[in-house]
Amino acid sequence: MYGFGGTVLRINLETGEIRRSPTPESFAREWLGARGFVAKTIYDEVPRNADPLGPENLFIVAPGVLTGSFAPCGSKLGFGCVSPLTNGHADSNMGGHLGPEIKYAGYDMIVLERISPKPVYLFIDDDAVELRPAEQYWGMGSLDLEARMKKDLGEDFQIATIGPAGENGVGFACITHDFGRQAGRCGVGAVMGSKRLKAIAVRGTKSLAVHDLPGLTKHTYDIIQRTKPHPNMEPWQKYGTALFVSWANEHGCFPSRNFQTTYHEGWEGISGEKLAEEVLVTHKACFGCWMNCGKYSRARIPGKPDTYLEGPEYETIALCGGSCGMTDIHHVAYANYLCDNLGLDTMSGGNVTGFAMECYERGIITKDDLEGHELRWGNIDDFEHFVGMIAARRGIGELFSHGTRAAAQKLGRGTIEFAEQAKGMEFSGYDTRWYSAQLLSYCTADIGAHHNRSWAITADIELGQDTPVGKAPVVIYLQHIRPLFDTWCCCRLFWGELDVTPEEHVDAVRHLTGWDITIEECMLTSERIWNLTRAHYLERNGGPGRKHDVAPLRQLEERIPTGPAEGRKVGTENFEYMLNDYYANRGWDAEGNPTREVLETLGLPRIADRLEKLGLLGKPIPGGIPKVRGQKLKPKAM
Amino acid sequence: MRIKVDTSRCTGCKLCQQICTIEHYGEINPKKAAIRIGAEFPEPGVFTPRLCVQCGACARACPEGAIERTGSADAFVLDTSKCTNCGVCVETCPIGVMYTHAAAPTPVKCDLCLKCTEVCNTGALTVVDSPRPTSR
């Protein structure tokens, strides 16, 4: 089969048994890779009541169809499981170089089953696959361990690790690779840790089989030459995603102090420009990317050791920086380092810490809870102590280690109203009170409030920021576009910022695989994934769907107090309007449950049967489901 | 003509390695490329592309006369039909940029096709006019 490694690897961590089977071409074509492979496999194989951190959960590592090919930035690698943070489907992906390495070693999906009796790491050197002892690595920081393993194994191994947070089962523990690339969300690092799998080290030296190499080469070569002079190229190369800090403040969507407001006083100190000026060491790219948005930095803070890592990028600046009240880029870079080495997602980690800072400000938690420390806005020492408590699940760190929703449920006293999360997943770095489509995106997403499920900020501007009308169909379209990048496994930024079209990515898939695949077929795969993971969420968490698509009260009813978006809020009525519109446009019933008609249209009749048995199937829609679900809109670059 | 390497501009993207093996082997396989990228992380944080500077030491050492600079070209090129894969060139190379790969029948050597400089978008690899190296 062209374009794929050709082998699915299954490893039983309990017994050490390793099984290989050929990747079925029908499976590859139907699900394309990574997020698609994960969604299908987890849904089919993980028992409905399985504990996310127990032996029945699976931990899956899967590159996608374009990973490691010469297609534009085919760098991505997906990780999947059931999430300990949301108790639903989980997938999270990272760039860097590990995905291609796995493909060159010949693997399309690695399924890790059960729990190892002792700490191990997975060693892959082409056909040699071993579980090696990792007791000597257990307890080490993610970044420290990667440096150590590079020394132990050699520079040409690509390595992914977890830190103490992953070992300890923190709900938002991440997986780290390449000194700062993460599969950050959904707690995939905690599931890896629950398996006692400390790291994955891979070297692949095989060639990738390509159906039409001259065609693929010319295709990508032409895109490279066309996009080199693109006006967005230079700013992205210079500042990476951090260039968005100034824009987000000017447009009133930057989270400041746990989303209390959306314009951050002192943002200039943590901007992309400041990053380039103060902490940048070198520009760094993922595999096959000529836009190099990665910024490798060094933080220098008097009294602390100099720290190196890739980052901080926008989300980290927004959540560890803005949301925790920081105004110094060195402090944000250091906070980034702390989270990375502990193995905490900087997005949830920053959001949770900002939330805890507000709890401290309000006197809901005190010095007594914090081992005598404080938790003040913008204080890097307080931040350092608190994230240490979370990663170790020590004292009140245990309470916050399961995310803001779980913490708020235990703390009570109205804290849930300012816990900025959906389905238990913390908000990405965008406030939504002036961006209602983004709020709808967060709240309807299968994994919760993650911007990469659908980023609708500029779509909101195009459609009108003060209206809920017309938002739902566009959000659906964006929710269908995004899975494509997570299954193709090429970077979405070439689409968003450099105007490389989804159709061009499909052309790359055609050259690579020889399939007569079209964008329409790919979009159908997206919608299939979206409905499957919705069903998965309902099966694990009960229905109706609507009760899970809930927005934080702050976003709905608390007016933004300062900045360019002052006075704005979404409003409960507007949110309900958008939800109704969303369900109708998806072909789901008014309670947010998928209908048999839509599931059968997508070739998922078995899922309709399962939902029906569980009383979770949507009621038939009078007049039938919409023929076209979603409305195309390419959001402008910022 | 030669390829100038500016390590401060390399981002480690490996586009150069991909195009190199596409051009020379009709395959995508960065590990087979005639250019390698050293990565010194976490400190000091620098990428170091390493490739042949066409000094000709390998050509002088080759017992089969399989490495030659022909005509006015600036590259020493390996004639794979003459090469016996004895490994002398790899051992001789003063800067360690004659590479081997398990699936390559002969050592891997840069022949100045310049494709890598065409895909590089950061200025890490550029073509410069310079006098031919004086050896041989």
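The model is predicted, so local features are given only where pLDDT is at least 70 and side-chain atom pairs only at pLDDT 80 or more, while totals for chains, interfaces and linings use all residues. Residues are numbered from 1 along each chain as its sequence is written, chains are lettered from A in the order in which they are written, and side-chain values use heavy atoms, with hydrogens and water left out.

**Pockets**

- The largest pocket holds about 590 Å³ of space, where a pocket is an open set of points on a 1 Å grid over the protein atoms alone, with protein on both sides within 12 Å along at least five of seven lines, and a volume is the space filled by probe spheres set on the points, which are joined across faces, edges and corners.
- Its lining (residues with an atom within 4 Å of a point) has 29 residues, and A:Glu155, A:Asp156, B:Lys14, B:Lys31 and B:Ile37 are the closest to the centre of the largest pocket.
- At least two lining residues of the largest pocket come from each of helix 3 (98-105) of chain A and strand 2 and strand 3 (46-51) of chain B, these elements being DSSP runs numbered from the N terminus (helices H or I with at least four residues, strands E with at least two); strand 2 of chain B supplies the largest share, four residues.
- By class, twelve nonpolar, eight polar and nine charged residues line the largest pocket, with Ala, Val, Leu, Ile, Met, Phe, Trp, Tyr, Cys and Pro counted as nonpolar, Asp, Glu, Lys and Arg as charged, and the others, Gly among them, as polar.
- The second largest pocket contains about 360 Å³ of space, and of the 16 residues that line it A:Tyr477, A:Ile519, A:Glu520, A:Met523 and A:Val628 are the closest to its centre.
- Helix 19 (471-488), helix 21 (502-513) and helix 22 (519-541) of chain A each give two or more residues to the lining of the second largest pocket, with helix 22 of chain A giving the most, five residues.
- Seven nonpolar, three polar and six charged residues make up the lining of the second largest pocket.

**Cavities**

- There are nine cavities of 30 Å³ or more, a cavity being a set of grid points where a 1.4 Å probe fits but cannot get out.
- The second largest cavity has about 130 Å³ of space and is lined by 19 residues, with B:Cys10, B:Cys13, B:Cys16, B:Cys120 and B:Ala124 nearest its centre.
- In the lining of the second largest cavity, 14 residues are nonpolar, four are polar and one is charged.

**Helix 14 of chain A**

- The 13 residues of helix 14 (residues 380-392) of chain A should span 18 Å at 1.5 Å a residue, which agrees with the 18 Å between its end C-alpha atoms; the expected span is 1.5 Å times one less than the number of residues.
- Helix 14 of chain A is largely enclosed by the rest of the structure, because ten of its 13 residues are buried (under 20% relative accessible area, with a 1.4 Å probe and protein chains only).
- Those buried residues pack against helix 5 (164-167), helix 11 (314-321), helix 12 (329-342), helix 13 (346-361) and helix 15 (396-400) of chain A, with contact meaning heavy atoms within 4.5 Å.
- Just after helix 14 of chain A, A:Arg393 has a positive phi of about 55 degrees.

**Helix 4 of chain A**

- Helix 4 (residues 142-153) of chain A, with twelve residues, reaches 16 Å from its first C-alpha to its last, close to the 16 Å expected at 1.5 Å a residue.
- Among the buried residues of helix 4 of chain A are A:Leu143, A:Glu146 and A:Lys150.

Conventions:
Buried < 20%, exposed > 50% of the residue type's maximum accessible area, 1.4 Å probe, protein only.
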